[in-house]
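Here is a briefing on a chain interface and a helix pair. Confidence comes last.

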Amino acid sequence: MVDQAALENDQPLLVATSLSKSFGRIAACRDVSFSLYPGEVLAIVGESGSGKSTLLQLLSGQLAASGGHVSYRMRDGVARDLASLGEAERRFLYRTDWGFVHQDPAQGLRMAVSAGANVGERLMAVGWNHYGRIRETASDWLTRVEIDTARIDDAPRTYSGGMRQRLQIARNLVTEPRLVFMDEPTGGLDVSVQARLLDLLRSLVAELNLAVIIVTHDLAVARLLSHRVMVMKGGRVIEAGLTDQVLDDPREPYTQLLVSSILPP
Amino acid sequence: MTAMIDVTDANKTFTMHLQGGIELPVVSGVTFQVNASECVVLSGPSGAGKSSILKMVFGNYRCDSGRIGIRHRGAVIDLASAEPRQILNVRRSTIGYVSQFLRAVPRVATIDVVAEPLIVNGMPRTDAQQRAGNLLRRLNIPERLWQLPPATFSGGEQQRVNIARGFISDLPILLLDEPTASLDAANRAVVVELVAEKKRQGVAMVAIVHDDEIRHLIADRIVDVTSFAAAA
C-alpha cells in the first residue's frame, strides 16, 4: 500500500507560507505555515471562530489570502503558486485532483439529480463519455461507500443524512484526487452514523493514499483519522504536532483546556 | 554492537496550565540502552514514571531535553527531535507498542484489528488474517468472536486482542505496558512464550510488569526507575 521509500523521500504536496486573512479589522487567520505530504492526514482543530474554516478556504483557493501564499505540486511534479494558476489548471484541481467534502452534503451534491449522475458528473467533467462505463464506475463507487446500488437512480434528496454524506464522498473520490479537503464531515450526523462514516473514511484514505486536510472541532475524529494536528485559536496555530502527542501531552493552556473538556462517554 | 534503543539524559515535566501552571516533574536524567534479543523491565513504584518513559520512547510524550536514539532501518534517529512523519515511519516499521488498553475503532472486526499492522506494511489481507487468526487462537479468543468488533469484549479479552495486535508484526522493537495485567494464568503463560519467541527473533523489548513471577520469567535486565525520579 504505502510505499515506504516514496513516503520518506517525497516532496510536499502542498506548502502554506505565512498565510493571513483579514476581514476588515478582524484577523481571521494569522501567519500560518506548514507542509503537507502525500498520504498525510492533517486535522485542524479549535473552537468555533478560531479560524479553521477560513484557513481551509484559503488553502483550497476559495478565498484570496491577504498575505502569504499556497503552493501545490501538480501531477507533473512542479510546485505552483495557487494564485498564479491559469483557468485550465484551476479547473483540473477542482474537478479532478482535489476533493471537497462539505459538512452539509447539499452543498457538495446536486440534490435533484440521481445519485449515479452525481458521481458520473465528475467523470464527464474530465472527458469520460461512455455511458455504460460511467454508470459502471458510479455503481462501483456506491458499493464502496456502502450505498445499495438499487438506489442509483434515486436523487439524494430521498437519502438519509448519512447516505448523503457517503454519496458526497463517492462523488469526490471517483476522479482519484490526491488531496481532499473536509469541513466537519461528521458534523450533524448521529453517533452510530458517524462511527460508520469515520471507519469508511479511514479505510478509503489508507487504501487510496490520500492526503487530507480536515477541519473538525471533535478531537475524537482528529484522533481517529489524522496523523498530525494543528490547534487554532484566534486565527493562529498555537500548537502543532503528531496527533497522539498533542492530544496525550498537550502543552499550551488552550490545548490542555480542549483536551480536558471532552466528556467521557 | 549498536543498541536498538539508546536513551540519554531525557527529561520530562508536565506544566498544568489549568491548575494555575503548577510544574509536575516526571523524570529526569533518564539513561539506559536496550540491545537486540533483550528484554529490559522498568521497575519502581506506581507514579515513578515507568509508563511516561515508555511513552517517551514511543514518541507519544515529548521530551523537554535529552535524546531518544532509536535504530531505524540501519541508522539512528532521535525521536526527541524527529518530525511527526519520521516518528510515524519509525512506528510503522520499527517500534510496536502494546498499551494496557485497547483503543478500538468502532465497527472493525477483531480479526482486522489484529491484522491491520501487517496490512499497513503491505501484506495481502488474507495472509495477514491467517496470522491474526493463529495468534488469536493461541491467546484463547474463540473463533466465533473474530468477526465482531472488540468494543463489547471483557477487559481480559480486549487486552488479549491488544496483545495479538502488538505481537503480530515483525518489528525489531516492542514496548510492553503491563501486558499481563488482567490475564489469567494460562494466558499469562502464552504472553511469556510470545516474549521468548520475540527474543529469539532478535527483538529488543522494554516492559513494565507488576507481577514478580512474570518479571522474573521475561526480564534479562532490570532498570530501576526511582533513580530517574525528578527532583520536585
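Two residues count as in contact if their C-beta atoms, placed from the backbone, lie within 7 Å. By that test, 23 residues of chain A are in contact with 18 residues of chain B. This is a predicted model: local features need pLDDT of at least 70, side-chain atom pairs count only at pLDDT 80 or more, and totals for chains, interfaces and linings use all residues. Residues are numbered from 1 along each chain as its sequence is written, while chains are lettered from A and ligands numbered from 1 in the order in which they are written.

**Interface, chain A side**
- At least two residues each come from α1 (4-9), α8 (191-208), β10 (236-242), α10 (243-248) and α11 (253-260) of chain A.
- Helices (H or I, at least four residues) and strands (E, at least two) are DSSP runs, numbered from the N terminus.
- This side of chain A has eight nonpolar, six polar and nine charged residues.
- Ala, Val, Leu, Ile, Met, Phe, Trp, Tyr, Cys and Pro count as nonpolar, Asp, Glu, Lys and Arg as charged, and the others, Gly among them, as polar.

**Helix pair in chain B**
- Helix α3 (residues 110-120) of chain B packs on helix α5 (residues 155-167) of chain B at about 30°, with axes 7 Å apart.
- Axes are lines fitted to C-alpha atoms, for helices over the stretch in contact, and angles run from 0 to 180 degrees between N-to-C directions.
- α3(B) and α5(B) are therefore roughly parallel (angles under 35 degrees).
- Thr110(B), Val113(B), Val114(B) and Pro117(B) of α3(B) meet Val161(B), Ala164(B) and Arg165(B) of α5(B).

**Confidence**
- Chain B averages a pLDDT of 93 (the predictor's confidence in each residue, from 0 to 100).
- The model scores ipTM 0.90 and pTM 0.91.

Methods: Angles under 35 degrees count as roughly parallel, over 145 as roughly antiparallel, 65 to 115 as roughly perpendicular and the rest as oblique.
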